[in-house]
Amino acid sequence: PLDYVCTYNAKIEDVALPSVDDVNRTMGNVAHRIIEKVFREEYTATEQKRVIEEDYDKIFEQAIDEVGLALRGLEFKVNYNTLYASMRTSLRDLWEVIVNEELTVESCEYKFNSSHWLQAGENVTIGSRVDMLLKDKFGGKVIFDFKWSAKSKKYKSLIADDRALQLAIYKHLAQKEFGCNVRTAYVLLPSVEIFTADRFNE
């Protein structure tokens, strides 16, 4: 068990078991890492599909080892199994969205280079990194911000009430950096529900 390993193997005492929020955050981190491994910029859409169908087990285990080791504890077996099953479907659904929208993945975890002009105060700048940067067939940019959440009403409300500040910052940064049309969207995982104020086919 995790508490035994922490106490006797790692010599870490008084370690509390992760809370529900901690577990959900870890599952989200693993989901993000899996997406990074599947949707690599050097992969064509055909190669991405092959990786999903043939290499998923290996990629899942790698992601668990890298950012989700706690999920190997017996007490989180249900979470582990849920994540394993749901992310395979999520990858397939996400791939379909990207192909149907005629998008090309340019980068995962893209860090903007031009944060110096977005001032948050004296000698303070806002840097930002996006989960997935894509390009559409017209040369515009698309940004997907992944959220491991079942709270679809929350993100629907953020869009409807024009309170999606995170997406607004991403769009502002991307427009300054690339000088082109930019669309942004929240993509909920594992459902792959899309919430956006911009126009998409789906």
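Among contacts in the protein chain between residues at least 6 apart in sequence, what percentage join residues at least 24 apart? In this predicted model the value is 66%, where contact means heavy atoms within 4.5 Å. The model is a predicted one, for which local features need pLDDT of at least 70 and side-chain atom pairs count only at pLDDT 80 or more, whereas totals for chains, interfaces and linings use all residues. Residues are numbered from 1 along each chain as its sequence is written, and side-chain values use heavy atoms, with hydrogens and water left out.

The protein chain contains seven helices and seven strands, which follow one another from the N terminus in the order α-α-α-α-α-β-β-β-β-β-α-α-β-β. Helices (H or I, at least four residues) and strands (E, at least two) are DSSP runs, numbered from the N terminus. Of the 202 residues of the protein chain, 41% count as buried; buried means under 20% relative accessible area, exposed over 50% and partly exposed in between, computed with a 1.4 Å probe on protein chains only.

Helix α5 spans residues 77-100, and its end C-alpha atoms lie 35 Å apart, which agrees with the 34 Å that its 24 residues should span at 1.5 Å a residue; the expected span of a helix is 1.5 Å times one less than its number of residues. The buried residues of α5 are Y80, L83, S86, M87, R88, S90, L91, L94, W95, V97 and I98. Helix α5 packs against helix α3 (residues 45-54) at an angle of about 170°, with the two axes 10 Å apart. Here the axes are lines fitted to C-alpha atoms, for helices over the stretch in contact, and angles run from 0 to 180 degrees between N-to-C directions. The angle makes α3 roughly antiparallel to α5, in a scheme where angles under 35 degrees count as roughly parallel, over 145 as roughly antiparallel, 65 to 115 as roughly perpendicular and the rest as oblique. On the α3 side the contact is made by A45, Q48, K49, I52 and E53, and on the α5 side by R88, L91, R92, W95 and V99. These residues divide into five nonpolar, one polar and four charged, with Ala, Val, Leu, Ile, Met, Phe, Trp, Tyr, Cys and Pro counted as nonpolar, Asp, Glu, Lys and Arg as charged, and the others, Gly among them, as polar.

In the loop between α3 and α4 (56-67) is D55, which is buried at a relative accessible area of 18%. The C-alpha atom of D55 is separated by 8.9 Å from that of V38, although the two residues are 17 apart along the chain.

S86, a residue of helix α5, is buried with a relative accessible area of 16%. When its neighbours within four places in sequence are left aside, S86 is in contact with W148 and P190. P190 belongs to the loop between β6 and β7 and is joined to L189 by a cis peptide bond with omega of about 10°.

Most residues other than glycine have a negative phi, and most peptide bonds are trans. Just after α5, E102 takes a positive phi of about 55°; E102 is placed in the loop between α5 and β1 (104-111) and, at 42% relative accessibility, counts as partly exposed. E109, which is not a glycine either, has a positive phi of about 55°, is found in strand β1, and counts as partly exposed at 25% relative accessibility.

Helix α7 (residues 165-178) has 14 residues and reaches 20 Å from its first C-alpha to its last, close to the 20 Å expected at 1.5 Å a residue. Buried in α7 are L167, Y170, L173 and A174, and these cover an arc of only 130° around the axis, which puts them on the same side of α7; the arc is that of the directions from the helix axis to the C-beta atoms. The covering of these buried residues includes β4 (129-135), β5 (141-148), α6 (152-160), β6 (182-189) and β7 (193-195). On the face of α7 turned away from its buried side are the exposed residues L165 and K176, and just after α7, G179 takes a positive phi of about 65°.

Within helix α6, A160 counts as exposed at 62% relative accessibility. The C-alpha atoms of A160 and F195 are separated by 9.4 Å, with the two residues 35 apart along the chain.
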